[in-house]
Protein chains: 2
Amino acid sequence: MKIGELAKLSGLSAHTLRFYEKQGLIQASARSESNYRVYSQGDLATAKFIKRSREMGFSLEEVEVFLSIRADKPAHVCREAKDIAQLKITDVQQKIDDLQQVLVALHKLSDACCGGNESAEFCSIIEALEDGEGLSLAHSTQTHVLAKEQQA
Amino acid sequence: MKIGELAKLSGLSAHTLRFYEKQGLIQASARSESNYRVYSQGDLATAKFIKRSREMGFSLEEVEVFLSIRADKPAHVCREAKDIAQLKITDVQQKIDDLQQVLVALHKLSDACCGGNESAEFCSIIEALEDGEGLSLAHSTQTHVLAKEQQA
DNA sequence: CTTGACCCTAGAGTATACTCTAAGGTCTAA
DNA sequence: TTAGACCTTAGAGTATACTCTAGGGTCAAG
């Protein structure tokens, strides 16, 4: 199959597939006479493997490791895969904890405000951000919990 | 005070303060003869305001709105501030929900694996990523929940 | 009068993962 | 034969928020 079909079947875009190829994650098993990428069922499996890994929150770098384990399983041990998964779990748990603290602080901020068409002269949100009272965010490992996610 | 002192007192770096100035968030109230930025107590309050807002998860764009409300409160209403806070709450809650789903899937993935020095030939992590069974991630509003955060 | 700590600017670099563009070639069906 | 859908490449652009560099000026202490 050509890249368009692989894209459809894998759920990744053709652009993304070419990008992954550049990153060394997946290669077309052949090229047609006209230099089109030709993919096999195995390539489809690989594409899906990558997609699933990404959905689980693994970075491309981590996916690369999984792929190399997958490519030669006898040469690797379970620990290698589990270590990555465990680190990711810790990471995700930390993010959740941080976000939960932010959420509590946000609720405090928001709940105190009437939210109406009243002048903001005494808006409790602005006031709270000004004096910082009652908004304590226990310091987590990540200073700017959300900073890294605001590209959504 | 000069930028170094403001940095110390506000907890923002001098670099960041200059960056925020470029973004129009904060201005030095004056310049010295040698063209050094000179900040007032009010500027310190503004710097802290920005820092607190960032810690609450607001983007620079959102902080800008807060600052403009703060700069002329009578010209604004509470709703403007509360709307931003509410949107952020929804946003954060969504992120938490998504991460929680990822966490559950990650646990499933990891718990099934022995994690030992056994050959990865039958590693359940790799297998699960291959066939995608039992890893269902209900589709949330954000396809790649973690994709945006992996710059941590 | 020199050292070291500070300050200035404009602009480039960092992180991650795409996403798109330009300029062109290929293929299929009407 | 021509439109339209597909494919190719290299490389630039996008998002956000910094973070750093180069090259230079300022200032107080010893």
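In this predicted model, helix α6(A) meets helix α4(B) through A:Ile125, A:Ile126, A:Leu129 and A:Glu130 on one side and B:Phe66, B:Ile69 and B:Arg70 on the other. By class, this contact has 5 nonpolar, no polar and 2 charged residues. The two helices, residues 124-131 of chain A and residues 60-71 of chain B, pack at an angle of about 100 degrees. Their axes lie 10 Å apart. An angle of 65 to 115 degrees counts as roughly perpendicular, so α6(A) is roughly perpendicular to α4(B).

Next, helix α6 of chain B. The buried residues of α6(B), residues 124-131, are B:Ser124, B:Ile125, B:Ile126, B:Ala128 and B:Leu129. They pack against elements of both chains, as listed here.

| Chain | Elements packed against by the buried residues of α6(B) |
|---|---|
| A | α3 (41-55), α4 (60-71), α5 (78-111) |
| B | α5 |

After α6(B) comes B:Gly132. Its phi is positive, near 65 degrees.

Is B:Lys82 buried or exposed? Its relative accessible area is 17%. Buried means under 20%, so B:Lys82 is buried. Leaving aside residues up to four places away in sequence, B:Lys82 touches A:Ser110, A:Asp111, A:Cys113, A:Cys114, A:Gly115 and A:Ile125. One of these, A:Ile125, also takes part in the contact of α6(A) with α4(B).

How do the two chains relate? Two copies of a chain are related by a rotation about an axis and a shift along it. The same surface serves both copies, with 100% of the contact residues of chain B recurring in chain A.

Now the fold of a single chain. Chain A has 6 helices and 2 strands. From the N terminus on, its elements run α-α-β-β-α-α-α-α. Of the 152 residues in chain A, 46% are buried. Among contacts in chain A with a separation of 6 or more, 48% join residues 24 or more positions apart.

Definitions and conventions: Residues are numbered from 1 along each chain as its sequence is written. Chains are lettered from A and ligands numbered from 1 in the order in which they are written. This is a predicted model: local features need pLDDT of at least 70, side-chain atom pairs count only at pLDDT 80 or more; totals for chains, interfaces and linings use all residues. Side-chain values use heavy atoms; hydrogens and water are left out. Buried means under 20% relative accessible area, exposed over 50%, partly exposed in between (1.4 Å probe, protein chains only). Contact means heavy atoms within 4.5 Å. Helices (H or I, at least four residues) and strands (E, at least two) are DSSP runs, numbered from the N terminus. Axes are lines fitted to C-alpha atoms, for helices over the stretch in contact, and angles run from 0 to 180 degrees between N-to-C directions. Angles under 35 degrees count as roughly parallel, over 145 as roughly antiparallel, 65 to 115 as roughly perpendicular and the rest as oblique. Ala, Val, Leu, Ile, Met, Phe, Trp, Tyr, Cys and Pro count as nonpolar, Asp, Glu, Lys and Arg as charged, and the others, Gly among them, as polar.
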